[in-house]
Amino acid sequence: MSQLSGLSDMQSASDQDDHRHTSRKVALVAGLVAVVLAVVVIAGTAHNPLQTWRIAASGQIVNAFSAHEGVAYAGGDLFQVNQVESAQVCGGICCNVPIAFMITVKPDSYHWWPEGKTCWCKSFFLTHPIAHVGVSGKCTR
């Protein structure tokens with residue numbers, strides 16, 4: 001009977017060793033997964049860092065639209081704004097209009113006419129360029 005009791009103790013010790021080895025393997029695998037995940041995140045951030053808009057000292061977004069002097073985008077008018085002082089202001093208005101309220105199409109281009117200080121916000125797809133007094137451009141974002 002004493003031999004049987006010793007066998008039971010040995011099996012119990014062996015089971016405990018197996019349990020310790022299994023716990024160590026699980027911890028090792030979890031650690032490796034965490035390291036791989038950290039490397040992937042770091043590599044992704046280094047490859048494609050968050051992009052920021054360049055902002056001028058006046059607080060305006062720079063390079064948000066193109067400007068072509070002596071070109072008018074004929075057609076594609078969505079709405080008009082009067083008493084606009086410059087093509088820069090016109091582009092800034094048109095390229096920052098959200099789809100909201102009665103605006104169902106976001107403007108993606110503009111034309112500014114200096115003689116009347118008039119700004120037309122447009123849908124570029126519906127325009128065609130012509131030689132004309134003023135400045136026209138496309139929104140870049």
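Analyst: This is a predicted model. A charge sits over a ring if NZ of Lys or CZ of Arg is within 6 Å of the ring centre and within 35 degrees of the ring normal. K138 meets this rule over the face of F124, at 4.3 Å from the ring centre.

User: Why does F124 count as partly exposed?

Analyst: Buried requires under 20% relative accessible area and exposed over 50%. F124 has 28% relative accessibility, so this residue counts as partly exposed.

User: What makes Y73 and F124 an aromatic pair?

Analyst: Ring centres must lie within 6.5 Å, and planes over 60 degrees apart count as edge-to-face. The centres of Y73 and F124 are 5.2 Å apart with 75° between the planes, so the pair is edge-to-face. Y73 lies in strand β1 and F124 in the loop between β4 and β5, so the pair ties together parts that are 51 residues apart in sequence. Y73 is buried, at 7% relative accessible area.

User: Why is H111 called buried?

Analyst: The cut-off is under 20%. H111, which is in strand β3, has 5% relative accessibility and therefore counts as buried.

User: How do you know that the side chain of H111 makes a polar contact with the side chain of S136?

Analyst: A polar contact needs a pair of N or O atoms within 3.5 Å, one able to donate a hydrogen and the other to accept it. The distance between the side chains of H111 and S136 is 2.6 Å, so the pair falls within the cut-off. The side chain of H111 also reaches the backbone oxygen of V71, at 3.5 Å.

Definitions and conventions: Residues are numbered from 1 along each chain as its sequence is written. This is a predicted model: local features need pLDDT of at least 70, side-chain atom pairs count only at pLDDT 80 or more; totals for chains, interfaces and linings use all residues. Side-chain values use heavy atoms; hydrogens and water are left out. Helices (H or I, at least four residues) and strands (E, at least two) are DSSP runs, numbered from the N terminus. Buried means under 20% relative accessible area, exposed over 50%, partly exposed in between (1.4 Å probe, protein chains only). Rings of Phe, Tyr and Trp (its six-membered ring) pair if their centres lie within 6.5 Å; planes under 30 degrees apart count as stacked, over 60 as edge-to-face and the rest as tilted.
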